[in-house]
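Here are my notes for a first reading of this model. Please keep the sequence and the structure side by side as you go through the points.

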Amino acid sequence: MKFKYFNLKYLIEGNIVEISFQDTQNNIMLLDANNFSKYRFQKSFSFVGGIYYSSPVYFVVPSSGIWYVIIELNKSQNPVQVTVNILQ
């Protein structure tokens, strides 16, 4: 599966991540560095997120560390325009 990702670098527990996207269905995930690596190598992984139909989406960072946002792209989907902001 194709995906678009954003390296959020080091975030502190409790930071809020805001993800805005065009009005389509999207599978959006927040993963730490370890689980991002597992995702890329198609191994079992854990994440915060799921399928979202409207924007924006907000995630609270569960622990301090390096974090990534992944947006999975469907074959029929046009390129997704995504904005990611750290609010706090």
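1. The largest nonpolar core has 16 residues, and those with the most contacts inside it are Leu8, Val17, Ile19, Ile28 and Val69. A nonpolar core here is a set of buried Ala, Val, Leu, Ile, Met, Phe, Trp, Tyr and Cys residues joined through side-chain atoms within 4.5 Å, where buried means under 20% relative accessible area with a 1.4 Å probe, protein chains only. Two or more residues of this core come from each of β1 (2-11), β2 (16-21), β3 (26-32), β5 (57-60), β6 (65-73) and β7 (82-86).

2. Apart from this core lies another, of six residues, among them Met29, Leu31, Tyr68 and Ile70.

3. This is a predicted model, in which local features need pLDDT of at least 70 and side-chain atom pairs count only at pLDDT 80 or more, while totals for chains, interfaces and linings use all residues. Residues are numbered from 1 along each chain as its sequence is written, and side-chain values use heavy atoms, with hydrogens and water left out.

4. If neighbours within four places in sequence are set aside, Val17 is in contact (heavy atoms within 4.5 Å) with residues including Leu8, Val57, Phe59, Val69, Val84 and Ile86. For the chain, 83% of the contacts with a separation of 6 or more are between residues 24 or more positions apart.

5. Of the 88 residues of the chain, 34% count as buried, and the C-alpha trace spans about 35 × 30 × 15 Å along its principal axes.

How values were computed: Buried means under 20% relative accessible area, exposed over 50%, partly exposed in between (1.4 Å probe, protein chains only). Helices (H or I, at least four residues) and strands (E, at least two) are DSSP runs, numbered from the N terminus.
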